[in-house]
Amino acid sequence: MSLALTASHVRKSYNGRPVLEDVSMSFDRHGVYVMTGTNGSGKSTFLRISALIDDADSGEIVFSSEEGILKHDIRLKRRITLVLPQIGIFNTTVFKNAAYGMNIRGVPGAETAKKVEEVLAFVGLAHKKDQNALTVSSGERQRLGIARALVIEPEILFLDEPTASIDEKNSGIVEDIIMKLKAGGKTTVIMTTHDKDQAGRLADTWLIMHEGRLIPHS
Amino acid sequence: MFLTESFKTAFSLIVHLNAELLGIIFLSLRVSGSALVISTLIGLPLAAFLGFRKFPLKGTFVSLLNTFMGLPPVVVGLLVYLFLSRSGPLGFLALLYTPAAMIVAQSILALPIVASLSYSAIVGVDPIISQSSRTLGATPYQVSLTIMKEARFGIMSGVIAAFGRVMAEVGAILIVGGNIAGYTRVMTTTIALETDKGNFELALALGIILLSISLGINFLLHLIQKKGTIRA
């Protein structure tokens, strides 16, 4: 099963200043959607609303699958995930950080261990699994954030500026991870970036957030 | 000479595990340990409630809690005495001059320390932790547990600080315990009494042990704080 997401007439203001003005867009299953736009254009706000972390002032976010229209409940929230630009690292090992999503879902230990090992290898952090996650570099931290999201096998993975605060080498590794997800065909990736070259390399669909409106890149 | 002799006898009492000395130490640990368990069982949920909920006058309540961290032990002792004395509202429980009364008094002294320091630890957790757990599908309850877990070193520091305070406390337990030999006499009250009597050896022996416990507590605190401040 897989999810599709439709945003209809989404509006959001902060302190009376409109950030999103009537955003409507459909995200079909699978593929990589990349949003670019200037600072404060509303990309992150839209991502947070779409990932059900924040509420819109008006408009609608609808998730659907083969089961039909889905309710915005915890079951749906557990099928999607957002990786924030600043990764909130728990003060424990890399392994336990990555296992968090499975632990809160009550997945048995052996199954969790197998999946976590697999994902840590996928993002190139297997050798750091016993290290305290607070001591890893910023690039590794970003990869750990993605690993933590991938462990739960989200149907939609939202990535907010995944390479904004990391060096070129780690940025390349993160791009490789996104390319592998694209090739895997199981996860829809909806991400934001400032890097237009990166958008060109990764996007199946390139969107531009301009003055609170989302438009396709021509 | 007098000091040297006193210290010699004091160390001898410790080394030979004097029965009276052991009894006093054991009672002190039992009373303060029980008070710590009670204050933690109440203080931690209270800290969590304050940390996670919004309600009117919350700021005032937190300020009060902070103020109570410096409660004078003799005042607590006096209030507990008034409540537990025969003519007091809880006099029917017949708890005055028992270890239970001492536990009550010490719990009252420890509670604001545990609650206030735990509250500070909880609200001090970076909000990004709460957001990250939400993005990974945690329920509000799981988010709260995650924050508590992240605050664990601060919470442990609060609990240990409270233990240090009640172990060294003398005013409250002297009033409500009565310093009865073999029953409610603990380290601090014995030191006070024996010093008064001029029997410095036992007082010194207990002082050395009390200082060692205090040193142990501070060492533990240091270790916990060190572990809690790991950063890249």
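Okay, let's start with a question: is A:Glu153 buried or exposed? Exposed, with a relative accessible area of 53%. Before I go on, keep in mind that this is a predicted model.

So what does A:Glu153 do with its side chain? It meets the side chain of A:Lys115 in a salt bridge, 2.7 Å from N to O. That pair links distant parts of the chain, 38 residues apart: A:Lys115 is in helix H4 of chain A, while A:Glu153 is in the loop between helix H5 (138-150) and strand S7 (156-160).

A:Lys115 has another salt bridge to show you, with A:Glu118, where the closest N and O atoms are 3.4 Å apart. Here both residues lie in helix H4 (residues 109-122) of chain A, 3 residues apart, or about one turn of the helix. A:Lys115 counts as buried at 14% relative accessibility, whereas A:Glu118, at 45%, counts as partly exposed.

Staying with chain A, look at A:Glu175 and A:Arg201, whose side chains meet in a salt bridge at 2.7 Å, N to O. This pair also links distant parts of the chain, with A:Glu175 in helix H6 (residues 168-184) and A:Arg201 in helix H7 (residues 196-202), 26 residues apart. A:Glu175 is buried at 10%, and A:Arg201 is partly exposed at 44%. There's a network of salt bridges too, linking A:Glu67, A:Arg79 and A:Glu155. Over all chains, the structure holds 13 salt bridges.

Now over to chain B. We have 11 helices there and 0 strands. Its C-alpha trace spans about 70 × 50 × 25 Å along the principal axes, and of its 232 residues, 44% count as buried.

Helix H4 of chain B, residues 73-84, is where you'll find B:Phe83, and B:Leu84 is in that helix as well. B:Phe83 is partly exposed, at 43%, but B:Leu84 is buried, at 5%. B:Phe83 belongs to a nonpolar surface patch of about 830 Å², along with residues including B:Val74, B:Leu79 and B:Phe92. As for B:Leu84, its C-alpha atom is 7.8 Å from that of B:Ala101, 17 residues away along the chain.

Last stop, the largest pocket, with a volume of about 710 Å³. It's lined by 32 residues, and among those nearest its centre are B:Phe52, B:Ser130 and B:Pro140. Which elements give two or more residues to the lining? Helix H2 (74-77) and strand S6 (80-83) of chain A, together with helices H2, H5, H6 and H7 of chain B. H7(B) gives the largest share, 7 residues. By class, the lining has 20 nonpolar, 6 polar and 6 charged residues.

How values were computed: Residues numbered from 1 in each chain as written. Chains lettered and ligands numbered in written order. Predicted model: local features only at pLDDT ≥ 70, side-chain atom pairs only at ≥ 80, totals over all residues. Heavy atoms only, no water. 1 Å grid on protein atoms, 1.4 Å probe; cavity = no way out; pocket = protein on both sides within 12 Å on 5 of 7 lines; lining within 4 Å. Points joined across faces, edges and corners; volume = space filled by probe spheres on them. Helix = DSSP H or I, 4+ residues; strand = E, 2+ residues; numbered from the N terminus. Nonpolar A, V, L, I, M, F, W, Y, C, P; charged D, E, K, R; others polar. Patch = residues over 30% accessible without salt bridge, like charges linked within 9 Å, V, L, I, M, F, W, Y side chains within 5 Å. Areas by Shrake-Rupley, 256 points an atom, 1.4 Å probe, with all protein chains shown as cover. Salt bridge = Lys/Arg side-chain N within 4 Å of Asp/Glu carboxyl O. Buried < 20%, exposed > 50% of the residue type's maximum accessible area, 1.4 Å probe, protein only.
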